[in-house]
Amino acid sequence: EDEAESAPIGGAGPPKAVEGACSSHFALNVAHNAPITSATGYQGAQGMRAWGKMVLAAAGALALTACSPTADKAAPKAGGELRIYNWSDYIDPALITQFTQETGIRVIYDTFDSNEVLETKVLQGGTGYDLVVPSTHNLPRYITAGAVAKLDKTALPGLDKLSPDLMAKLAAFDPGGVYAVPYMQGTIGIGYDKAKVAARLPGVAIDSWKVVLDPANLAKLKDCGVYFLDASEDMFAVALNYLSRDPNSTTLKDYEDAAALLQRARPFVRKFHSSEYIEALANGDVCVAIGYSGDVLQAKARADEAKTGADIAYVVPKEGSQVWFDVFSIPADAPNPAAAHRFIAFMRRPEIIARASNYTQYANANAAATPLVDAAVRDDPNVYPTPEVSKRLFVTTTKEQALLRDVNRLWTRVVTGR
């Protein structure tokens, strides 16, 4: 099983905590450490070049927030420690610094890059984490197992600002919002280097899953690099939908057919991974990836900033795709649930969650924050889907344990090619 890497500012060595001190030391510390990494230990080539914006953001946070008179008048500092387990590339480090400055709570931030890794840890218990960020289709299994705690809503101001439409969708997984608060939402689609793909598939419109699931197309793309997500439920939902099957099928034969489709594509896939494709696309190491919307948009931003020459685009294929929702939830055995509530409340503030959306390139669920999100992000249909795109999106539901075991077994065969 993949091991999580600790520290909000990544890098090797023992877990580190963001101290939020009012000094220039933090800015220097950011500059000399590697970026936040994934649970697989992947470091990538991010470094100073790709994360220059993060350094400036963190330094700016210290100058404008951590050292400001306003910050000094914030709520009394609680102290203590908060351990967060979140997706890789899914938080602005400057926000963690600001939280510590306002509350006095030290943050140890670990990352993972698949729901499967997270679910295994949480259901086993004893993780030591105070806050985790699962996707909604996994949440009911956590609730059934008693692995997550009920939220104290009296400690979470701002819940009334959440989108009513979104909360209605989440009710299918957590009726009444008893166990979770939404963080971000996104889609699964195709990220690709426009020039490299056009050179290998001349005249082919990049608007269909056929581009990345048809072996005839993949054979032409193999030399420039193809990545698939290492996420069994997400990839099977995409494959089932492409085959005109119910993406939430409960019939094993449907998953066997979807596995056969993915196995035919397997020889042309360089790697299955749920975060490495961000840097791989940005650096021009691969030309196409099945990935999450915000991750691909982050790859585009990094390529543009570093001037790598990679012209990255993202598309939700015409056959449709999954829209997913990630949520904040507190493990039942969390050592410091009070600190977890403080962090959720902090992230619910419109001006805070808007900054998170700007950084991650994902849409948040706080309706009051939407006007505060940068126009370039807010008006991007790949972040906030248009009504036309929304009609093609589906939500993945929760699988029973018996079916989930079969699905994971089939996925292992796909990934290993056996």
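1. Helix H4 (residues 93-103) and helix H16 (residues 350-360) have axes that come within 9 Å and cross at roughly 155°, where axes are lines fitted to C-alpha atoms, for helices over the stretch in contact, and angles run from 0 to 180 degrees between N-to-C directions. The two helices H4 and H16 are therefore roughly antiparallel, on a scale in which angles under 35 degrees count as roughly parallel, over 145 as roughly antiparallel, 65 to 115 as roughly perpendicular and the rest as oblique. Helices (H or I, at least four residues) and strands (E, at least two) are DSSP runs, numbered from the N terminus.

2. This is a predicted model, in which local features need pLDDT of at least 70 and side-chain atom pairs count only at pLDDT 80 or more, while totals for chains, interfaces and linings use all residues. Residues are numbered from 1 along each chain as its sequence is written, and side-chain values use heavy atoms, with hydrogens and water left out.

3. On the H4 side of the helix pair, Pro93, Ala94, Leu95 and Gln98 meet Ile352, Arg355, Ala356 and Tyr359 of H16, contact meaning heavy atoms within 4.5 Å. Sorted by class, the contact of H4 with H16 has six nonpolar, one polar and one charged residues; Ala, Val, Leu, Ile, Met, Phe, Trp, Tyr, Cys and Pro count as nonpolar, Asp, Glu, Lys and Arg as charged, and the others, Gly among them, as polar.

4. Glu102 forms a salt bridge with Arg349, with the closest N and O atoms 2.9 Å apart, the term standing for a side-chain nitrogen of Lys or Arg within 4 Å of a carboxyl oxygen of Asp or Glu. Because Glu102 lies in helix H4 and Arg349 in the loop between helix H15 (337-348) and H16, the pair ties together parts that are 247 residues apart in sequence. Glu102 is buried, at a relative accessible area of 13%, whereas Arg349 is partly exposed, at 28%; buried means under 20% relative accessible area, exposed over 50%, and partly exposed in between (1.4 Å probe, protein chains only).

5. The whole structure holds 19 salt bridges, and another of them joins Glu233 to Arg141, the closest N and O atoms being 3.0 Å apart. This pair links distant parts of the chain, with Glu233 in helix H11 (residues 232-242) and Arg141 in helix H6 (residues 139-144), 92 residues apart. Both Glu233 and Arg141 are buried.

6. Arg378 and Asp379 also form a salt bridge, for which the closest N and O atoms are 3.9 Å apart. Here Arg378 is partly exposed, with a relative accessible area of 26%, and Asp379 counts as exposed at 55%. Elsewhere, salt bridges that share partners join Glu119, Arg141, Glu233 and Lys399 into one network.

7. The structure also holds 17 aromatic pairs, one of which is the edge-to-face pair of Phe228 and Phe272, at 5.8 Å centre to centre and 90° between the planes. Rings of Phe, Tyr and Trp (its six-membered ring) pair if their centres lie within 6.5 Å; planes under 30 degrees apart count as stacked, over 60 as edge-to-face and the rest as tilted. Since Phe228 lies in strand E5 (residues 226-228) and Phe272 in strand E6 (residues 271-272), the pair ties together parts that are 44 residues apart in sequence. Phe228 counts as buried at 1% relative accessibility, as does Phe272 at 9%.
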